[in-house]
Amino acid sequence: MAQERGHWSSRFGFILAAAGSAVGLGNIWKFPYITGENGGGWFVLIYLGCIAIVGLPIMMAEVLIGRSSQLSPVGAFRKFSHGGSPWMGIGWLGVLAAFVILSYYSIVAGWAMHYTWLSVSSGFAEMETDAIGALFGSVYENPWINIGWHAAFMAITIAIVAKGVHGGIELASRVLMPVLFIILLVLLIYAATSDGFAQAFKFIFMPDTSKLTGASVLEALGHSFFTLSLGMGAMITYGSYLHKKDDLVSTSITIAILDTGVALVACLVLFPIIFSVGMDPAAGPGLVFVSIPIAFSQMAGGAILAPLFFLLLTFAALTSAISLLEVAVAYFVDEIKIPRVIATVMTGVVIFIFGIPSALSGGTALFGSGFSDMTQSIFGEGDGKNWFDLFDYLASNWMLPLGGLGIAVFVAWRMGDKAREEGFKTSNHLGKMYWGWVFLLRYIVPIGVLAVFLHAIGII
Ligand code: TRP
């Protein structure tokens, strides 16, 4: 018997779920540290530009494909390209990307859970600064901590997705997103009263060219895909649970504004704290897991704020992980006709197994001499990518931009004028932006994405 396809209960439900997908580790963990590395100011401005002229048009294209077809990506491309064609490859690439991204995303989410637990159970307050710094290294190297939390995080994600679009994904987003916004607000108020706030504000919003390079521009562009959950059909899938009459333009703009707002607020929360205790904003991926516990251990109220912060990180990761798993699950449910619960458990377990090499990337204990060395040597000595880095690199630098390019070209050049125009101009006055949107999709997006590729292979 054919299963009834799920739907969001309202446009608001969709906005929360899609914002839940977009707001994730990319906003709270990654954006602050790449902003720090690229010197703030200009980088933030360029990132905002990328969101507006590349990210937003692609998001609208994805939601449009999903909403008009009422199908998950592979089926949607089949429908609009009239039968099995190479365009369906974009859908399959997306399913593959879901496996790749979630497998390592879950490891970082596991660290967030572990740190939530640590900050509640032992507290960082009694620890020496050096000990907190060393802690992250020992967590990263410990196979059992990584695998254990990875399993726990995947189990929660599976449990939510198995409950379906309305009773699982939407419900979780309706609960977690408001909590997330409240925690963020509490942290922002705290940060705004700290000594480093003015300095942080300047760092984030005052253009300073000294650290800006060509690579920064491309990093900003690449990150705009990741942070808005674009390029692998997540927004197509979520869009397919919208009712056909729901407006697409204002909805996409709202999601992009929420996502960008959270990323900027995360910086406004983190940098004052970092400046107040005199630390370096360019500390890299460890920024959140090292600097924050150190900073909180030295501050009044840190014992409460530290668990709040890591809980925030965990919740943000969870609503994003749900969307990643849903892309793969929707494929098996829609195309292969496997019942949702079975499809979810099966996919989730495979992704868990896929993630084990990433969980072991930091340490060598489990496989004796050097599992990570082995993966490194496959990619040549100098490259030094372990499994974890490799997956992140493959997904962020190749799969997402490639998928995004395909989606833009498909909607701008291949989808019929009529379907595209009707889809865009659903109801309101924003329909006037139609030609601007098509122009961006036709020319600006492909040029931008090609620049990312040429950079990735070292030509520019
Ligand atoms: N956008 C999320 C973040 O910023 C990650 C994410 C969720 C994602 N779903 C995605 C990235 C789909 C790319 C594609 O952390």
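Okay, let's start with threonine 35, which is buried, with a relative accessible area of 0%. One thing to keep in mind throughout: this is a predicted model. Threonine 35 belongs to helix H2, which runs over residues 25-37.

So what does threonine 35 touch, leaving out residues up to four places away in sequence? The list is Gly40, Phe43, Val44, Phe203, Cys267 and Phe271. There's also a polar pairing for that side chain: one of its polar atoms sits 2.8 Å from the backbone oxygen of phenylalanine 31.

Helix H2 brings me to the ligand. Which helices each supply at least two residues of the shell around the ligand? Those include H2, along with H1 (11-22), H10 and H14 (302-334). The ligand has 16 residues around it, and the ones that come nearest are Ala22, Gly26, Tyr105, Phe226 and Ser229.

Glycine 26 has a polar backbone atom 2.8 Å from an oxygen atom of the ligand. For asparagine 27, an N or O atom in the side chain is 3.3 Å from an oxygen atom of the ligand. And serine 229 puts a polar side-chain atom 3.0 Å from a nitrogen atom of the ligand. How much of the ligand's accessible area does the protein cover? Taken on its own, the ligand has 360 Å² of accessible area, and the protein covers 100% of that. As for where the ligand is, it sits in the largest cavity.

Let me move over to helix H10, one of the helices I listed for the shell. Two residues here, valine 217 and leucine 218. Both are in H10, and the helix spans residues 214-227. Buried or exposed, what is leucine 218? Leucine 218 counts as buried because its relative accessibility is 14%, and the cut-off for buried is under 20%. Valine 217, on the other hand, is partly exposed, with a relative accessible area of 35%.

Leucine 218 touches Ala451, Val452 and His455, again not counting residues up to four places away in sequence. For valine 217 I have proline 207, ten residues apart in sequence and 14 Å apart in space, C-alpha to C-alpha.

Conventions. Residues are numbered from 1 along each chain as its sequence is written. This is a predicted model: local features need pLDDT of at least 70, side-chain atom pairs count only at pLDDT 80 or more; totals for chains, interfaces and linings use all residues. Side-chain values use heavy atoms; hydrogens and water are left out. Helices (H or I, at least four residues) and strands (E, at least two) are DSSP runs, numbered from the N terminus. Buried means under 20% relative accessible area, exposed over 50%, partly exposed in between (1.4 Å probe, protein chains only). Contact means heavy atoms within 4.5 Å. A polar contact is a pair of N or O atoms within 3.5 Å; within protein, one must be able to donate a hydrogen and the other to accept it, and residues adjacent in sequence count only if both atoms are side-chain atoms. A residue is near a molecule or strand if one of its heavy atoms lies within 4 Å of it. Accessible areas come from the Shrake-Rupley method with a 1.4 Å probe; for residues, only the protein chains shown count as cover. On a 1 Å grid over the protein atoms alone, a cavity is a set of points where a 1.4 Å probe fits but cannot get out, and a pocket is an open set with protein on both sides within 12 Å along at least five of seven lines; lining residues have an atom within 4 Å of a point. A molecule sits in a cavity or pocket if more than half of its atoms lie within 2 Å of its grid points.
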